[in-house]
Amino acid sequence: MELKNFIAGEWVAPAQARYVTKTNPATGATLAQVPLSDAADVDRAIAAAAAAFPAWRRVPAPKRGEILFRVGRRLEERKDDLARLMTAEMGKVLTEARGDVQEAIDMAYYMAGEGRRSFGYTTPSELTDKFAMAIRDPIGVAGIITPWNFPAAIPSWKMFPALVLGNTIVFKPATDTPLVAGEMVKILTECGVPAGVVNLVYGSGSEAGEAILGDPRVALVSFTGSVETGRHVAARAGEGLKRVSLELGGKNAVIVLDDADLDLAVDGIVWSAFGTTGQRCTACSRVLVQAGVYDALRDRLVARMKTLTLGDGLEPGTDVGPLINRAARDRVHEYVGIGRAEGAVVAAGGVPVEDGALSAGAFYAPTLLTEVTPAMRVAREEIFGPVLSMIRVQDLDEAIAINNDVIYGLSSSIFTRDVNHTFRAIRDLATGIVYVNAGTTGAEIHLPFGGTRGTGNGHREAGTAALDFFSEWKSVYVDFSGRLQRAQIDS
Ligand code: NAD
């Protein structure tokens with residue numbers, strides 16, 4: 001099946017008949033041919049979005065919100081089939097795929113409500129008979145560039161606030177997750193988003209992505225992906241003075257203190273390290289364990305990891321699905337080799353799995369590296385796979401220092417029963433998200449989402465924070481005195 005781009009309300013073939021084959025990472029089965037669109041395709045999509053903007057920005061925001069309420073309902077009706085499609089195209093187990101769609105549902109309803117809120121503010125003027133207010137304006141064409149690991153959630157975090165605030169969209173998903181992206185756009189259209197307001201262009205980053213970054217008609221770029229690509233996106237978008245939001249990688253740590261509930265810690269660590277096969281930006285990849293419980297935690301983790309079933313995420317009973325593709329699996333294995341060479345001990349896993357039913361997939365055994373030290377590459381670089389490193393610490397201060405001493409600052413967590421430790425950790429962990437007595441994953445859509453340092457450029461997605469990125473402030477002064485009043489000069 002050859003997929004089509006969606007431009008100006010029509011499903012259209014790419015200008016050049018070039019495609020990349022999309023396969024199921026669990027079975028190797030071919031799912032679709034994905035267009036490798038070129039600059040001409042992107043140009044048409046941007047032209048359509050630019051042409052649709054003047055009318056869309058004047059649609060009353062509550063009406064735009066009503067469309068999103070319908071989108072939320074439609075996503076609810078289709079939750080299960082979208083989740084199945086997602087598992088087939090990127091491998092996460094069905095329960096997690098349902099959670100991914102649920103995030104999009106939550107975001108649809110939340111942003112739908114913003115249609116009747118999107119608060120600005122009024123404030124007194126310093127002059128008599130003068131009124132002052134600040135209101136939100138849409139910005140224009142939004143370039144939305146997404147990774148493959150949250151095929152419904154991430155596009156919804158970007159598209160729904162962009163739309164409710166009156167922007168139009170050129171959406172370029174990762175070529176690894178074309179199918180859910182296409183369904184999201186179909187749903188938006190069925191629910192009443194007018195032609196040209198949302199345009200979908202499939203293609204590579206180096207060609208379709210670049211064409212978005214270089215086009216002066218694109219006013220803002222919302223990007224989620226790796227730190228390497230993010231750096232480039234920021235530079236290219238910066239040349240054009242575009243507004244750009246970057247959500248990049250993580251090297252997220254769980255701290256386990258001597259007084260922690262170890263069973264609870266094991267639950268939280270296993271869920272956040274091996275859920276989505278470790279391919280979440282918030283995945284736990286380091287455990288900073290106080291010396292007194294290091295051995296006990298290691299043994300419990302190894303025991304629990306033995307119970308994890310690797311397999312096709314569509315099969316009931318599967319705990320951990322495949323990686324996104326074999327190249328990703330091979331990169332994970334390379335990192336395990338690097339860890340071994342640096343002196344880490346492989347306490348569990350450490351091998352690709354190709355037995356029986358898993359022979360055609362991209363499977364890797366959930367892996368625990370122990371005796372890891374903070375300077376090792378496996379303790380500093382994002383692996384983006386099911387590999388967890390255990391680092392021994394003497395106390396909370398050392399744990400916090402190690403947590404903060406990596407280039408990323410997305411999520412962190414602490415397991416402790418001590419209220420003083422808890423509040424010191426909340427104060428001093430330099431990450432955008434902090435969990436107490438839970439793993440590093442599980443963000444809710446009405447709170448700001450994003451990270452510090454190399455995880456981004458200071459913007460936040462979700463919650464009301466998203467409104468700030470997707471709108472422009474306009475300050476309005478209305479003088480009803482009938483005479484010239486000069487601010488700062490006439491009192
Ligand atoms: P990636 O950077 O390879 O690709 C992301 C997107 O950017 C894709 O659509 C890709 O085609 C596009 N792209 C690549 N080169 C481009 C270019 N030159 N110009 C424009 N676009 C370009 O990332 P990935 O492998 O798809 O995703 C995994 C990464 O995403 C991980 O680092 C992960 O931590 C990160 N991530 C971050 C968050 C977050 O919110 N912080 C969430 C999910 C994933």
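Modeller: A salt bridge is a side-chain nitrogen of Lys or Arg within 4 Å of a carboxyl oxygen of Asp or Glu. By this rule the count comes to 37 salt bridges. Please note that this is a predicted model, in which local features need pLDDT of at least 70 and side-chain atom pairs count only at pLDDT 80 or more, while totals for chains, interfaces and linings use all residues. Residues are numbered from 1 along each chain as its sequence is written, and side-chain values use heavy atoms, with hydrogens and water left out.

Colleague: How far apart are the closest N and O atoms of D80 and R84?
Modeller: In the salt bridge between D80 and R84 they are 3.2 Å apart. The two residues are four apart in helix α3 (residues 79–90), and therefore separated by about one helical turn. Helices (H or I, at least four residues) and strands (E, at least two) are DSSP runs, numbered from the N terminus.

Colleague: Which parts does the pair of E96 and R280 tie together?
Modeller: The side chains of E96 and R280 meet in a salt bridge of 3.5 Å, N to O. E96 lies in helix α4 and R280 in the loop between α9 (262–274) and β13 (284–290), so the pair ties together parts that are 184 residues apart in sequence. Both E96 and R280 are buried.

Colleague: And where do R236 and E210 lie?
Modeller: Their side chains meet in a salt bridge as well (3.2 Å, N to O). R236 lies in helix α8 (residues 227–239) and E210 in helix α7 (residues 205–213), so this pair ties together parts that are 26 residues apart in sequence. R236 is partly exposed at 25% relative accessibility, and E210 is partly exposed at 22%. Elsewhere, salt bridges that share partners join D295, R298, D299, E371 and R392 into one network.

Colleague: Changing topic, how many aromatic pairs does the structure hold?
Modeller: The structure holds six aromatic pairs. Rings of Phe, Tyr and Trp (its six-membered ring) pair if their centres lie within 6.5 Å; planes under 30 degrees apart count as stacked, over 60 as edge-to-face and the rest as tilted. One of the pairs is F6 with W11, whose ring centres are 4.6 Å apart and whose planes are at 45°, so the pair is tilted. F6 counts as buried at 4% relative accessibility, whereas W11 counts as partly exposed at 33%.

Colleague: Why is the pair of F69 and Y109 called tilted?
Modeller: The pair is tilted because the planes of the two rings are at 35°, with the centres 6.1 Å apart. F69 lies in helix α2 (residues 61–77) and Y109 in helix α4 (residues 94–114), so the pair ties together parts that are 40 residues apart in sequence. F69 is partly exposed, with a relative accessible area of 35%, and Y109 is partly exposed at 26%.

Colleague: Now the sheets. In what order do the seven strands of the open sheet stand?
Modeller: The order is β14-β17-β18-β13-β12-β20-β21, with mixed pairing. Two strands pair if DSSP finds at least two bridges between them. β14 (345–348) and β21 stand at the edges, each with a single partner strand, so one side of each is left without a neighbour in the sheet. β14 and strand β17 (residues 367–372) pair in the antiparallel sense over three bridges, and A348 stands opposite L368 in β17.

Colleague: Which strands form the open sheet of three?
Modeller: That sheet has the order β5-β6-β23 and antiparallel pairing. β5 (121–124) and β23 (472–479) stand at its edges, each with a single partner strand, so one side of each is left without a neighbour in the sheet. Four bridges join β5 to strand β6 (residues 130–137), which run antiparallel. The bridge partner of T123 in β6 is A132.

Methods
Buried < 20%, exposed > 50% of the residue type's maximum accessible area, 1.4 Å probe, protein only.
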